[in-house]
Amino acid sequence: MMQIQTDRETAVLVLLLAIATVLVVLVFRPADRPFAADAWSLVARSFSWLKLFYTAILVALIGMLAAEVYRIWLDPKSTMGTVTVIKDGAKDDTLTESLALQLVERHSDLRWRFANVERSNYASEQSLTPETGEPISRAETVLSDLNIVVQEIPVTDILARLRTWISPPQAIHGRVSLTGNEFRGHLDLVETEIELADGQTVPGVIRVEGDGELRDVVFELACGLIWVDGARATSGADIARIGREEFCHWTKYWVEQQRLERKLRQTGTLNDNDQTRVGVAIKAVMHAIDVNKVTYAKYWLLRADLSRLLPDEELRKDETRRRIQNDYLTYLTKLRLDPKRDVGLAGSDAEAFRILAEARPAIPFFDGALELDGEGLWQRILEDLDGSREAVRKAGTATGLFRFQAEGLPEFEASPVQGLAIGENLVVTTAYNIIPGALRPKGDTSELIEVPDSYKGRFAFVDIWPDVAADEDVGLPIRRILYVEGPGDRPELALLELEGHNTETHPPLAVNTHDTARLAQDDFVFLVGYPEFDARLPSEFTKLLLGERGGGVKRIMPGRVVGLPLPGNKQTGSILSGDSIVVDASTSGGTGGAPLMDLRSGTLVGLNMAGSWKSLADGKFAYVRPMERLFPGERVETYMKANFGSLAFDGLLSALTEVDRRSVEEIAAPAVGVATEVDSLEAIVRAAAEPIPDADDYASRSGYAADFLSEPVPLPTGPAVLGSAGKLLPYQHFSIRLDSQRRVAAFAAANIDGAQLNRQDRVSAWVLDARVPPNWQVDSDLFRRNELDIGHVVHLRGVQWGSDAAAQTATLDVQHFTNASPQHQDLNRRGWAQLEQGVLSYLEATGQRATVFTGPVLRDDDPIYRDVQVPRSFWKIVVTDIDGELRAAGFLLNQEIDIDDGELRGRAENFDVVNSRASISNLEALTGLDFGKLRELEALEFDVAARK
């Protein structure tokens, strides 16, 4: 006797398969063959529906048996075979059967969870979510659907027992031992060895052990299968490096967090038992971070997400909010989400500049809020995180602009610069932001100045300086300036005393002189300032950076910490010598004194002092002096600690041990004149009437000093100074080698001391030098009624340093026609002026010394105008010390000169800190000069002062 029992669904499928087989035979019979035709005739004569039904059953049985053969020999799907459970030393058949079923179910659940993680825009974040591979199912068998009995022999039972010894080709087997509350087990995968995405090879065995129940064993084994699939996927190098144990420990609490978060969304509350589970999970994750030193970045994201499930009273605590903010930022930091790395993949410089402007933006801050446009890293950091929004709001509302206006102050010197409120009626800024020379510090100690009414200093908490008449009052009056003695040989910090500060609408930022210790490499930070179009940056970059708003608008400039100050309170005057926080933020002119804010704590950690355009790959770097190094001294530190959050001008003044005081009467009225290197035609005409100094008048001039820096820098040599060049002419702080045939300088060599600059009133008249014949020099006739400016070869402001007498002498010396250069007005007033101002700003901000060589490129085919060949190119080389080592930077600017019927027309290129660079070897080839060891020096990155 034979009995066959199966479920209804299987029976229907088998029947349909059988009918389909018979119909195929009937339809596609080979009628052209006699045997087939005869066979079909026989079938037709004996056909009945009952016979067809019976035949279908027989075919179905054959199909089922064939499917079973396929499963045990050829099935490519991964299946869960037998996982034997040994409990307390004996095999437990019930648990053995249950474990395999639970494994399949748990593996399916984890696959679904990871497959439904929201896809990130960032590859580094995507790589932390594993690819889960194909699903794993129980090993299928036809025997589970049949009950076959032949002559009372249970065929199905016999085959089922035999089937337990037979595995499909992709079956996974294992063994688990349970002893009390301890478990130990393993799964044997199909491969004996598995190659992971990071290149390592591991055995095809998943081993687990620990304390817990059967469900804990199931989770560990199922998660291990997920990890293996993720670690050997093409994008699984990060998963492989994390390791299975660390990944599965995180996954356990991630699943818990998801479950609790879903319940909170559905019910709106978590009960006491749920909150206990939240606390346990946070504690476990915290232990993994702090004690086990895990590397999986998602641990920090998980701890932040778990913390958000805490009760409202706990979430309102500052400590909890700071931890959540810290964890989110740590997560983003560890991901190294940085679109700057895409610069190297850009197809053009224009594309690279676009990427840089997006990677390190300058985001407008208007009416107390950011104008974020689009999505990306900074959208996520500055807008999605509560702590970041608060930090930006605080810093933005405490920042403003100030300026001094007085009769005769040039427009540049009266333009607004930025400051930051750190107390009631107390604003901090950098010393070099106080532009009027009469108000600048005179020595190297702390100094107090009362601002005369004639200078009318005003400070305003504005997003952009209002466009009003010059005589209209804007903002709050500035009454006094206090310069604080700094770490170098002159004050770097200026404190302004205001009148009428409303701390409710514009609360000051608290200053903690030890907040820098909280910063770490790669931390997210931002500066608040008013960046301008800056010729010292690539023009394509600044246009993209500032966009439609343009310059002079309050902006947030985010970035990362790429360098921290050297340990200890290093006393140095150089911001570039390791005594600064280096940030890869896109600062530019207009951001001197910008506050640097730590996004983790929302606190002030330093003031921006200088900047550097590094390269197209790196972009702009800002050099920030830490607050503790701007306020040195035990008494000042004691005062600031005791008055944290309530600093006052008089309080800081009393804490300084030595203060020089200048009265209003000692401050000279600003000189009336035009602050430009362009001289009027009237001034040139007057120069013809000036008496020519006698040769003896130059006896005191020592000229250029080759030993001005840490190593001697001799004057250039070569054929260019041996031919038509006349004798070397020494002046105050500089020397000129004159080309007697071309009647212009072959080159000039100047010494500049950025720490001793001493601005003096200009002298408009130009004079001849009595030491050389007049026909060796150009005169005023060259510059009449044309587009040529009489440009200085040696920059006026650069040699105004030292004592008043020395600075005044240098002021007179630069007005010699031997120092005059025929430059087209576009070059002299724009590109060349930008280059000179950039060099001077850098030296002034850093307090460094420099040797500067300057001159024209004298070509044989230069155009002749009024018997003078007009150069088409001008060059400059800056040599300075960086931590005791000489470095040099060369620049070249060009002008076009056309002469048509005696009329001169021309144009010139603007200065660009990237495109205007020139190697010293190239300058040697163009000029015929030999600069010796300078061409071997490491390049000076053109670190320019971060002020307008």
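The report below takes up the pocket, the cavities, the cores and a strand residue in turn.

The model is predicted, so local features need pLDDT of at least 70 and side-chain atom pairs count only at pLDDT 80 or more, whereas totals for chains, interfaces and linings use all residues. Residues are numbered from 1 along each chain as its sequence is written, and side-chain values use heavy atoms, with hydrogens and water left out.

**Pocket and cavities**

Both kinds of space are found on a 1 Å grid over the protein atoms alone: a cavity is a set of points where a 1.4 Å probe fits but cannot get out, a pocket is an open set with protein on both sides within 12 Å along at least five of seven lines, and lining residues have an atom within 4 Å of a point. Grid points are joined across faces, edges and corners, and a volume is the space filled by probe spheres set on the points. There are 5 cavities of 30 Å³ or more.

| Space | Volume | Lining |
|---|---|---|
| Second largest pocket | About 1300 Å³ | 41 residues |
| Largest cavity | About 130 Å³ | 14 residues |

In the second largest pocket, V117, E118, E125, L301 and R380 lie nearest the centre. Among the elements that give two or more residues to its lining are α4 (93–115), α11 (298–307) and α13 (318–335), while α9 provides the largest share, 7 residues. Helices (H or I, at least four residues) and strands (E, at least two) are DSSP runs, numbered from the N terminus.

Nearest the centre of the largest cavity are I752, H795, V852, T854 and K876, and its lining comprises 9 nonpolar, 3 polar and 2 charged residues. In this classification Ala, Val, Leu, Ile, Met, Phe, Trp, Tyr, Cys and Pro count as nonpolar, Asp, Glu, Lys and Arg as charged, and the others, Gly among them, as polar.

**Nonpolar cores**

A nonpolar core is a set of buried Ala, Val, Leu, Ile, Met, Phe, Trp, Tyr and Cys residues joined through side-chain atoms within 4.5 Å. The largest has 117 residues, of which F247, I422, L495 and F631 touch the most other members, and helix α7 (residues 214–232) supplies its largest share, 12 residues. A second, separate core of 39 residues includes V525, L527, V583 and V878.

**A strand residue**

T84 belongs to strand β2 (residues 79–87). T84 is buried because its relative accessible area is 19%, where buried means under 20%, exposed over 50% and partly exposed in between (1.4 Å probe, protein chains only). Leaving aside residues up to four places away in sequence, T84 contacts K91, T96, G174, R175 and V176, contact meaning heavy atoms within 4.5 Å.
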